[in-house]
Amino acid sequence: MLTKATIKPRNKTQFLYDEACEIVCRGRLAARRGKLADEIDDIRRAFKKIAKLDFNRLSAELARFLQWYYYNHANDRKRGEKYEDLYFIHSKLANIEETLEVKYARISCKIKSTINPKQEVKDELLELCGEIEPYLQYNKAAISIAVFTLQILNAYYQKDNAKYIQTCQEAIRFLKEKGIRKEINFYLLLLPRLIQQGFFDEAHKCILESMETTNKGSNNYYRILYHYILLELYRGRYQQAQELYASTSRIKDKTVAEQVRIFRGYVSFLHRIGKID
């Protein structure tokens, strides 16, 4: 039997993923040795735990073990057909996820290699977004996050501010409805665009929403705070901006601290001209 991973999982979902990975490995070894039945109870329990968590490649492999067991060991055709259907469902979703990962890696590499990508790269991104948009119909988190991210990137290069904002909002709404706390990345994409476009009330609303679901003192919390300070400066609420800036003194991450430090000059200038106390 394989030993358990020594790295402590970050949360329950990570624990279930790690556990399922271990059981898949045990299943592979058992299948090669003709002893899959010895592991079938753990395989069945693992499949039940992760089937709704979008771990589709793992779910597909567990379903394949179960399908083989019920057809060839338990002689249970009904359950064999059940897990056969589940195998094909999860395999299809896993293939889509992995295809998106590969295509995302390719296009992001081309884009990151230059400040201003060539038109042919932008055209490739536009074509890719048209190709992957139907994947949203599966209503799966990993797939939808990848599609939304590429659509936002495309809207940025197409200079379509309305589409950019709309897609960020759709992504946030989707993740909230799913109960998946990964919307912070889309808030951080959305906030600067709302502020730049003058949608100050909407930006303020998004800041408060994102702060509610972000751990105070975390790097993401201070990234949101950066946009809060920026918003107050845009709105001419200089005293509020100074008070927010004063609460950033405990940032530990150097990159985030450097990002926020840009406001030091603004605060000093506003002091000199008497805009703030």
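The residues lining the largest pocket divide into 13 nonpolar, eight polar and 11 charged. Here Ala, Val, Leu, Ile, Met, Phe, Trp, Tyr, Cys and Pro count as nonpolar, Asp, Glu, Lys and Arg as charged, and the others, Gly among them, as polar. By pocket I mean an open set of points on a 1 Å grid over the protein atoms alone, where a 1.4 Å probe fits, with protein on both sides within 12 Å along at least five of seven lines; lining residues have an atom within 4 Å of a point.

A word on the source: this is a predicted model, where local features need pLDDT of at least 70 and side-chain atom pairs count only at pLDDT 80 or more, while totals for chains, interfaces and linings use all residues. Residues are numbered from 1 along each chain as its sequence is written, and side-chain values use heavy atoms, with hydrogens and water left out.

Back to our pocket, then. About 1,000 Å³ of space lies in it, taking volume as the space filled by probe spheres set on the points, which are joined across faces, edges and corners. Of its 32 lining residues, Leu-53, Asp-54, Phe-55, Ala-142 and Lys-182 are the closest to the centre.

Let's stay with Phe-55. The ring centres of Tyr-17 and Phe-55 are 4.9 Å apart with planes at 75°, so this pair is edge-to-face (rings pair if their centres lie within 6.5 Å, and planes over 60 degrees apart count as edge-to-face). Tyr-17 sits in helix α1 and Phe-55 in the loop between α2 and α3, so the pair ties together parts that are 38 residues apart in sequence. Helices, by the way, are DSSP runs of H or I, at least four residues, numbered from the N terminus. Is Phe-55 buried or exposed? Phe-55 is buried, because its relative accessible area is 16%, and buried means under 20% with a 1.4 Å probe, protein chains only.

Now, helix α3 holds Ser-59. Ser-59 is buried too, at 0% relative accessible area. Leaving aside neighbours within four places in sequence, Ser-59 is in contact with Phe-47, Ile-50, Ala-51 and His-90, contact being heavy atoms within 4.5 Å.

Last stop, the largest nonpolar core: a set of buried Ala, Val, Leu, Ile, Met, Phe, Trp, Tyr and Cys residues joined through side-chain atoms within 4.5 Å. This core has 43 residues, and Phe-263 is one of those touching the most other members. The largest share, nine residues, comes from α10.

How values were computed: Helix = DSSP H or I, 4+ residues; strand = E, 2+ residues; numbered from the N terminus. Buried < 20%, exposed > 50% of the residue type's maximum accessible area, 1.4 Å probe, protein only. Phe/Tyr/Trp six-rings, centres within 6.5 Å; stacked < 30°, edge-to-face > 60°.
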